[in-house]
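User: I would like to learn how to read covalent links and ring contacts in a model. Can you take me through them one at a time?

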Amino acid sequence: MRRHLLSSLIALAAAVLVSAPVSAQSQVTAKPAPAAKAWTMPRTPDGKPDLQGVYSNATTVPVARPAYLGAKEFYTDEADKVESAKAAPAGRGGRGGAPRPAAVADPEGNGLAVHYDTSQFGLGGPTVKRAASLRTSIITGPEGRVPPMLPEAAKLVADRRAYQQAHQWDSAQNRPLAERCITWGFEGPPMMPVGYNSTLEIVQGQGFVGIIQEMIHDTRVIPTDGRPHGPAEIKRWMGDSVGHWEGDTLVVETVNYNPLVVIQGGPVSDATKVTERFTRIDADTITYQFTVDDPKTWTKPFSGEYNMVHIDGNLYEYACHEGNYGMANNLSGARATEKK
């Protein structure tokens with residue numbers, strides 16, 4: 001009898017031990033995952049948003065929206081982007097476009113020789129970091145394109161082009177600004193993505209913001225201390241920029257461009273004004289917006305937008321003069337042709 005009672009007690013204890021965890025588990029609800037820590041805008045010692053760092057403004061988004069997309073300003077998702085590309089007409093920029101050669105054949109038969117393999121330095125191709133975007137064009141609005149030029153501005157462009165064709169090899173002063181290592185043009189303002197080496201660095205100090213772009217070593221020093229623009233008689237290659245803060249957005253207004261500057265194919269005038277807006281939206285991204293307003297050149301103002309993404313890298317030197325063999329060779333060739 002005692003042995004039977006002991007056996008029963010052991011069996012009951014075993015049942016309790018087995019069932020207890022199951023019962024307890026059924027009564028405990030799963031703990032919710034910890035909430036992601038909210039991003040906080042970093043600030044400089046004077047309380048302004050900290051925009052500093054090295055950024056890439058490389059993008060696959062075209063400046064002008066392809067005509068077949070109409071007024072479609074955004075893709076719905078990446079799949080929509082792929083499907084929309086299938087509707088592109090054959091030819092340049094479409095499905096029928098010829099693939100770009102990856103390398104140039106070595107004439108001496110030693111394999112492939114690449115003149116500029118920018119991807120090995122992280123300056124181009126798939127090695128470049130790009131901000132995600134569903135935009136169909138950098139130029140915003142229903143048209144997604146730079147508006148037409150006024151007749152007077154279009155005539156000025158045509159006259160310059162005709163003169164250039166006739167006198168392009170007369171002297172170094174007749175060559176384009178980028179070829180003369182004066183300004184690349186993409187540095188702006190407005191700043192536009194370039195094909196390679198599309199990096200810039202933003203630095204800040206009390207009352208100033210600096211934007212360093214290595215393409216031809218250009219640096220914009222933008223005062224944000226409330227000072228006005230300089231004298232209108234002083235024309236600059238990158239214009240005269242002054243900035244101010246609107247909340248957490250840096251707003252920069254630029255006027256007084258050198259008359260030889262070109263913005264999106266159009267000449268500048270004494271009425272040209274470019275307004276830029278820099279807004280840091282997360283730890284790695286700055287949204288860059290711009291508006292070009294010149295009532296003497298364009299039929300109406302136009303605006304654009306893209307994102308810059310922070311990179312853990314450096315600016316790479318663009319040794320323009322040191323590598324500018326084309327200037328001397330082309331001019332000497334023109335002089336030789338004239339002697340004949």
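**Disulfide and ring contacts**

Analyst: Start with the disulfide search. In this predicted model, a search of the whole structure finds 1 disulfide.

User: Which residues does the disulfide join?

Analyst: Cys181 and Cys320, with an S to S distance of 1.9 Å. Cys181 sits in the loop between helix H3 (151-167) and strand S4 (199-205). Cys320 sits in the loop between strand S13 (302-310) and helix H4 (325-339). The pair therefore ties together parts that are 139 residues apart in sequence.

User: How is the handedness of the Cys181 and Cys320 disulfide read?

Analyst: From the torsion about the S-S bond. Here it is about -85°, so the disulfide is left-handed.

User: Is Cys181 buried or exposed?

Analyst: Buried means under 20% relative accessible area. Cys181 has 9%, so it is buried. Cys320 is also buried, at 9% relative accessibility.

User: Now the rings. How many aromatic pairs does the search find?

Analyst: The whole structure holds 6 aromatic pairs. One of them is Trp184 with Phe186, a tilted pair at 6.2 Å centre to centre, with 35° between the planes. Trp184 is partly exposed at 25% relative accessibility. Phe186 is partly exposed at 34%.

User: Which ring does the charged end of Arg175 sit over?

Analyst: The ring of Trp169, 3.9 Å from its centre.

Conventions: Residues are numbered from 1 along each chain as its sequence is written. This is a predicted model: local features need pLDDT of at least 70, side-chain atom pairs count only at pLDDT 80 or more; totals for chains, interfaces and linings use all residues. Side-chain values use heavy atoms; hydrogens and water are left out. A disulfide is a pair of cysteine sulfur atoms within 2.5 Å. Helices (H or I, at least four residues) and strands (E, at least two) are DSSP runs, numbered from the N terminus. Buried means under 20% relative accessible area, exposed over 50%, partly exposed in between (1.4 Å probe, protein chains only). Rings of Phe, Tyr and Trp (its six-membered ring) pair if their centres lie within 6.5 Å; planes under 30 degrees apart count as stacked, over 60 as edge-to-face and the rest as tilted. A charge sits over a ring if NZ of Lys or CZ of Arg is within 6 Å of the ring centre and within 35 degrees of the ring normal.
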